[in-house]
Amino acid sequence: MTTPEPTRRAATTNMPLQLIDLTLEYPDGQGTIKALDSVNLGVGAGQMLSLIGPSGSGKSSLLAAAATLIRPTSGLVIIDGTTASDLNDKEMTTLRREKVGIIFQQPNLLASLTAVEQLMISDHLRGKPLKPAKARALELLEVVGLEDSAKKRPHQLSGGQRQRVNIARALMGEPKVLLVDEPTAALDHERSESIVRLLAEVTREFSVATVMVTHDTEFISLTNSVATMRDGVLGASELVPA
Ligand SMILES: Nc1ncnc2c1ncn2[C@@H]1O[C@H](COP(=O)(O)OP(=O)(O)OP(=O)(O)O)[C@@H](O)[C@H]1O
């Protein structure tokens, strides 16, 4: 019997997301493009990091690798103590489903389902029973301020409300890590602020480690820290003054 390497079982209960020496290369004609260049990052439970940087600097690549949607060329992605790179594709999907909540810019809600059903179906896909799913879905809709909109379909909700459903849906699986890509890109100033505020609140309340990619530097003061990507290199993360 082999004993797992201690570093791969490092106690990470306070650091649900760790990226260690992460490099990601894409093929580019004869050569390669380095989208991530030896990136190191740790995000603690209840902490929200804003990730900024110019277009093409590697922000989406970092999110995709952290979400285990793409395998890095080298380096480790550790989610809640589990090293994703050690897993096969099926195990990686299970890890993602159980530990990672992903929030994209566009909510991608199903047109025919009500808000509460959007949340319930994500639990159903995880094979969970319907009744507790409904209770949790209603609770989460309350958390995001949509308790009166549980029966509304996407076309009856505003852009900000759809993004709130999206956030609640990402929380259904009780994730340890929340990865958020440009959540305010389609929203006006006021709605953008309330969405970032909500993300910061749920990060604390549910003790998740959140990374938010944003072009909108106006609201990063609502998050705990900020880090800048340039040409695939991640600068040191700086604390945002309270
Ligand atoms: N699937 C891919 N195949 C080849 N190259 C890619 C692929 N995806 C991204 N790249 C390249 O990797 C680099 C980083 O891209 P990435 O999308 O991660 O940057 P970004 O900071 O998220 O940009 P934006 O802010 O415009 O979304 C860029 O040079 C991009 O052209």
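Me: Two residues are in contact if their C-beta atoms, placed from the backbone, lie within 7 Å. With that in mind, which residues is Ala66 in contact with, leaving aside its neighbours within four places in sequence?

Reply: Please keep in mind from the start that this is a predicted model. Once the neighbours within four places in sequence are set aside, Ala66 is in contact with Leu17, Leu19, Val77, Leu179 and Val211. As a general idea, nonpolar side chains in soluble globular proteins tend to be buried together. In this structure the largest nonpolar core has 58 residues, and the members that touch the most others are Ala66, Ile167, Leu199 and Val211.

Me: How should I read the chain as a whole, and what radius of gyration does it have?

Reply: The chain is built from six helices and eleven strands, and its C-alpha trace spans about 50 × 50 × 40 Å along the principal axes. A compact globule of 242 residues would have a radius of gyration near 18 Å, and the chain agrees with this because its own value is 18 Å. Buried residues make up 40% of the 242 residues. Among the contacts with a separation of 6 or more, 69% are between residues 24 or more positions apart.

Me: Which strands form the open sheet, and in what order?

Reply: The general idea is that strands of a sheet pair through backbone hydrogen bonds, either parallel or antiparallel. Here four strands form an open sheet in the order β2-β1-β4-β5, with antiparallel pairing. Its edge strands are β2 (31-43) and β5 (82-83), each of which pairs on one side only.

Me: Which strands pair with β8, and in what sense?

Reply: Strand β3 (residues 48-52) pairs with β8 in the parallel sense over four bridges, and Ser50 has Met212 as its bridge partner in β8. Strand β7 (residues 177-181) also runs parallel to β8, joined to it by five bridges; here Leu178 has Thr210 as its bridge partner, while Leu179 stands opposite Val211. Moving on from β7, four bridges join it to β6 (residues 100-103), again running parallel, and Gly101 stands opposite Leu178.

Me: Are the residues of β7 and β8 buried or exposed?

Reply: To decide, count the other C-beta atoms within 10 Å of a residue's own, with 20 or more making the residue buried. Five of the five residues of β7 are buried, so this strand is largely enclosed by the rest of the structure. In β7, Val177, Leu179 and Asp181 point one way and Leu178 and Val180 the other way, and all are buried. Strand β8 (residues 209-213) is mostly covered, with five of its five residues buried; Ala209, Val211 and Val213 point one way from the strand, and Thr210 and Met212 the other.

Me: How can I apply that count to one residue in a helix, and is Leu140 buried or exposed?

Reply: Leu140 lies in helix α4 (residues 130-143), and because it has 24 C-beta neighbours inside 10 Å it counts as buried. Leaving aside neighbours within four places in sequence, Leu140 is in contact with Leu119, Ala168, Leu171 and Met172. Leu140 and Arg169 are 29 residues apart in sequence, yet their C-alpha atoms are 8.2 Å apart in space.

Me: Finally, which residues surround the ligand?

Reply: Around the ligand stand Tyr26, Ile33, Ala35, Gly53, Ser55, Gly56, Ser57, Gly58, Lys59, Ser60 and Ser61. The elements giving two or more residues to this shell are β2 and α1 (59-66), and α1 supplies the largest share, three residues. By kind, the shell divides into three nonpolar, seven polar and one charged.

Key
Residues numbered from 1 in each chain as written. Predicted model: local features only at pLDDT ≥ 70, side-chain atom pairs only at ≥ 80, totals over all residues. Rg over C-alpha atoms; globule rule 2.2 N^0.38 Å. Buried ≥ 20, exposed ≤ 12 C-beta atoms within 10 Å, placed from the backbone. Pairing = 2+ DSSP bridges. Near = placed C-beta within 6 Å. Nonpolar A, V, L, I, M, F, W, Y, C, P; charged D, E, K, R; others polar. Core = buried A, V, L, I, M, F, W, Y, C linked by C-beta atoms within 7 Å.
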